[in-house]
Amino acid sequence: MKDWLRVGENLNITYDRTQEIGASGDGGRAGSLPGVVRYALIRPNAIPLRDPATGFYTDLPPAGLYQSSLLYGDGKNPLAIADYRTRTNSRYRLLGNVFAEATFLKNFKLRTDFGTDFYVAEQQQYNGQIPGDRTTLADDVKSLDKSRHRYSTMNWTNVLTYNRTIDKHEFGVTLGSEYVTFKADYLSGSRNGYDSRADQNKSLQQLNYGYNQQFSGGGLDEWSLMSYFGRLSYAYDNKYLATVNLRSDASSRFSEQNRWGYFPSASVGWNIAREAFLSDVSWLSDLKIRGGWGQLGNQEIGNYPFATIYSTANGVLQPITLGNPNVKWETTSQSNVGVDAAFLKGALTVSVDYFNRRTKDILVQLPSSYTNGDATPPYENGAKMENKGWEFNLNYRNNVSKDFSWNVMANVTTLQNKVISLYKAKEQIISAGSGQVLLRAGEPISSFYGYKTDGLFQNAAEIAAYVNKDGQLLQPNARPGDIRFVDVDGNGVIDGGDRTIIGNPNPKLLYSVGAGANYKGFDLNLFFNGVTGNDIYNEVDNIINSFDARGFNQKEDFYKNRWHGEGTSNKTPRATVQDPNNNRRNSDRYVENGAYLRLKNVVLGYTVPAPALERIGFYNARIYASAQNLFTITKYKGMDPELYTNDNVANYGDLAQGIDMGTYPPARTFTFGVQLSF
Amino acid sequence: MAATTTISCKKELEKFPQGQLTGENVFTEANDFKLAIDGAYLPLTNRFRGAWDWENGGAIPREWVIGDVMSDDAVKGGGSLGDQEDMRRMETFSVFPENNNVLALWRYNYKGINAANTILLQDGANVPGLDANLLKRIKGEAYFLRAFYYFRLVVNFGEIPLMAPDKNLNDNTKKATVAEVYTLIESDIAQALTMLQPSYSEAADYHRATTGAAHALLAKTYLYRGQWQLCLNEIAEVEKGPYHLLDKFEDNFNGTGERAGEIIFAARHDAGIVPSQGAILNAVWAPQGKGWGFNIPTVDLVNEFETGDPRLAATVMRAGDKWVDGTTNYDPAWSPLTGLNVRKFMSNAALIDDGGTDYIYIRLGDVLLWKAECYANLDQPGPAQAALEQVRARARKYAANPATNLPAVTTNDKTALLAAIRHERRVELAFEGQRYYDLVRWGLAKTVLAAAPDADPLKGYKDYGAGWQDKNKLLPIPQREADLLGVAQNDGWK
């Protein structure tokens, strides 16, 4: 436009549509779908998926098979839920931004940005009769739910910068403000009363077709954030660098007295490579020492954590969510020191960092006792936690010749996690299925909690010998082949007080390794990642690998390894439907090593030489094949050690990390492609 | 620009919940009070509990697991031996503090207490449109319900945290003694008695707590404490109320006698209302195929009935009976364990989990047997026989042969008389959630629910595991709650 003024805009419009199935959990949580993998694991595989006579999915065994109800369980048919318990999500999204930037008085710049993210999300779910399912739904109750929610985020940012260089001194000042406001407008409708035609015919799965009751719902959610920030920076000869930041944020999610949070940070750097005494050192192309300290705030706590909310649904008034007006910003303070170095004209770069992150006032909805009713517990600034470790990065590139080059990269992070203190200094135990995690000061967050086992009783004499100091049997209900539990607290009985920390879901080491090579037109890239030092609590094994009276699937593993006479096993207990010893209880029996190494991605490509292309009018062409998740090396016996989804526990899903309730594994994907430019 | 944003930002940062009641605006309309007191009744109904949250004691009410399944009247049933594993652990007395039925009992009774507390913390005096008499009744109901829930908790768990903020009881980390719990119950009932009415004429209100219900609840607490004369005093107050035995026993349980005069306090269920106010237990107790097939009557219970007793057909469904729809023949094959199904409270609802029959907590038939028991214990066989005879005479009228069936009990021997009363309670009150508690308070649980050499775990026949032990007098404090509150576990469960 003019020399001193720039304006610009960009606009993105997208549409996507997904079909969603249950990926984790048992579907018991409101609004969640039953986990397909979970039910594939626990359903006895002797029951056919389809009734051979009708071709329909079958839930109960078909006629003539396994008539005794003792021989089958009530696990859902995984294929049937994958086909019939799904929902369709569509999203229309508009992402736009306009800005204006003015330069004035030579060293000043003022930029204002106005952005919007607007989208409409639709969801449709039909709950019809699964053909062949044992649960027969009357037409009156078959239902269709549809929702169309509108979300908009607007942000307005203003930044004033001043930069000035005087000889070797570089100064910078930045001042800015940002305002973000979010609004979600919900609208949903549902109807019941669908006849059997609607089960078969997708075109009848619309609200209009239902004949029975209709329901509607709607609401509004809002939050906003107002921030001011400033930065001072100074550099001398690009050798000594220093920056100081201060930001203050005010969030609508906190009550007025706790609304503002102030988060300073500062960093310094010394670019040693630019010092005169290193100018002759040719093998060292770069060397920099960095140090910094800073604070950041977190306000991810739902929109109205200060308010107690009452529901009048179902004709009764009751509090459904408890508010906490005292809740305030969670703050993470991070200190780090690091060195960056480059060698061999930049072909080899190495960086090493030490970091210490302390998070205080962690925002968490701690489970609260039902003596306070069963409303959703309020957010608390519940814990203080420390994460510290080292991070190493290495990159090496070697251009061997014009036709051949290769490179490797590696990143290794060590992590030590510890809870420092807890709200009201109280330990918290959180359950996910039959698994439990513990928050205890001095221990890693979400440590697995349960009984400790000490082999199996091989014979009656061993049971009789397992007594407390008064000579009483510690496990009076045990029989040979049952698990010996450790009296950890030494009180002479096996009870809740004997539960202890039995595993740690936090990896001690996270790493990734990549390698690539180019030869003439060919390129090959590999990317591995992995973790080590963590445990997984195999919750689903509690169902399918601990033979009990429930008619669920059992793993061959149990059958082969179970105790069935003195000396046959010291790990897997006997098969007993009665289980008077409660062998099934939450114990280290289900804790497994969670380490893995996974080839996350491999790509092989070939770029067609340019002369060949020009003749047919293309500018560039590449053919490639890639594979994701090609192999995984792990000792973990469950489906997937990565456990990348967690829908286990409402409200504290992240705290129940590392508990595997039958998680949907990532797909192994093969892609073949051609990229053409013309 | 900076100035404008600063001025406006306070307003821009004030975002409050939309379309929902909050602590700021709740209890400012009369209707809130009405809906809140209905919320305080909710945990004693047999309605679905809103989510399939089995592990945390949600999904369905579980009181029947203790009252019926843990007794000799019923076995668990269900889809298979392991269907609801934790219920089988209750039945076989291999209860662990992690058992989700134990947690359910704790959770929902405290939920009721909290709902009552929410109301008792409101002043309500200046709420427009809230009639003073209505407010008084609502508060009276809240006191009654709190007493009701605390009684259930103290019977099941013994020492428990007392939460009654209006009486400055706020510390949930400390267990109150059993005596302290009863003190609160007595004072709550005393307050309720000054606020409740003897009956309610409106159809919408017939199920609400009355002065008669308060006297009867107090009487029951005395019965459970063995304070016979105090119990009789309260029963005398109940008898001044508008109660009489129905002509036909079965009308108490098939929906026809819900407002006819025998019921003193019941959980109300109405079928066909959206959202449902029906009993999900109607599905839980219906045979597999129609429902879930739990709470299966034992042959032992059927054998307890005297020849010709019409109460058997009203209690249990057997070969030759009609299903609740009145037309289909009941097929014993529907119930593979014993061939029997519960009849009491089952209703022919259009949706099986929307049962419309009220679930009785206290009725006159029960109270008369308390009366008999108190007099027998006070060595007054005459009035004990008279009360017992009222109950037997009603049954006898429709017996197969009234001239010979169910003869009057005439013994003056205390032991024999008490045995007759115990027998009568079993047949009169089966599947009303009483039997297990009766066995425990009579000191008979240990012998009746003993380990049996001929137990059949697959059918549940006499399957009491290692048998009832002294520690079973109380349930363990749910592990979740013991963990969160830091309260000591009950004796024997440590």
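This is a predicted model: local features need pLDDT of at least 70, side-chain atom pairs count only at pLDDT 80 or more; totals for chains, interfaces and linings use all residues.
Visitor: Why is the contact between Lys239(A) and Asp237(A) called a salt bridge?

Guide: A salt bridge is a side-chain nitrogen of Lys or Arg within 4 Å of a carboxyl oxygen of Asp or Glu. The structure holds 74 salt bridges over all chains.

Visitor: How do you know that Lys239(A) and Asp237(A) are buried or exposed?

Guide: Buried means under 20% relative accessible area, exposed over 50%, and partly exposed in between, using a 1.4 Å probe and protein chains only. Lys239(A) has 12% and is therefore buried, and Asp237(A), at 18%, also counts as buried.

Visitor: What makes the pair of Asp482(A) and Arg574(A) a link between distant parts of the chain?

Guide: The closest N and O atoms of this salt bridge are 2.7 Å apart. Asp482(A) lies in the loop between helix H4 (460-465) and strand E21 (483-485) of chain A, whereas Arg574(A) lies in the loop between helix H6 (556-561) and strand E26 (591-593), and the two are 92 residues apart. Helices (H or I, at least four residues) and strands (E, at least two) are DSSP runs, numbered from the N terminus. Both Asp482(A) and Arg574(A) are buried.

Visitor: What makes a group of residues a nonpolar core, and which residues have the most contacts inside the largest one?

Guide: A nonpolar core is a set of buried Ala, Val, Leu, Ile, Met, Phe, Trp, Tyr and Cys residues joined through side-chain atoms within 4.5 Å. The largest has 151 residues, and those with the most contacts inside it are Trp64(B), Phe144(B), Tyr150(B) and Phe265(B). Its largest share, 16 residues, comes from helix H6 (residues 132-157) of chain B. A second, separate core of 21 residues includes Val419(A) and Met661(A).

Visitor: How do you know that the radius of gyration of chain B agrees with that of a compact globule?

Guide: The radius of gyration is taken over C-alpha atoms, and the globule rule is 2.2 Å times the number of residues to the power 0.38. With 494 residues, a compact globule would have a value near 23 Å, and chain B has 24 Å, which agrees. Chain B has 18 helices and nine strands, and buried residues make up 60% of its 494 residues.

Visitor: Why is helix H2 of chain B said to be largely enclosed?

Guide: Nine of the 12 residues of helix H2 (residues 30-41) of chain B are buried, so the helix is largely enclosed by the rest of the structure. The buried residues include Phe33(B), Leu35(B) and Tyr41(B).

Visitor: What makes the phi of Phe93(B) worth noting, and how do you know that Phe93(B) is buried or exposed?

Guide: Phi of Phe93(B) is near 55°, a positive value in a residue other than glycine. Phe93(B) has a relative accessible area of 6% and is therefore buried. Asp379(B) is not a glycine either and has a positive phi of about 60°, but at 52% relative accessibility Asp379(B) counts as exposed.

Note on methods. Residues are numbered from 1 along each chain as its sequence is written. Chains are lettered from A and ligands numbered from 1 in the order in which they are written. Side-chain values use heavy atoms; hydrogens and water are left out.
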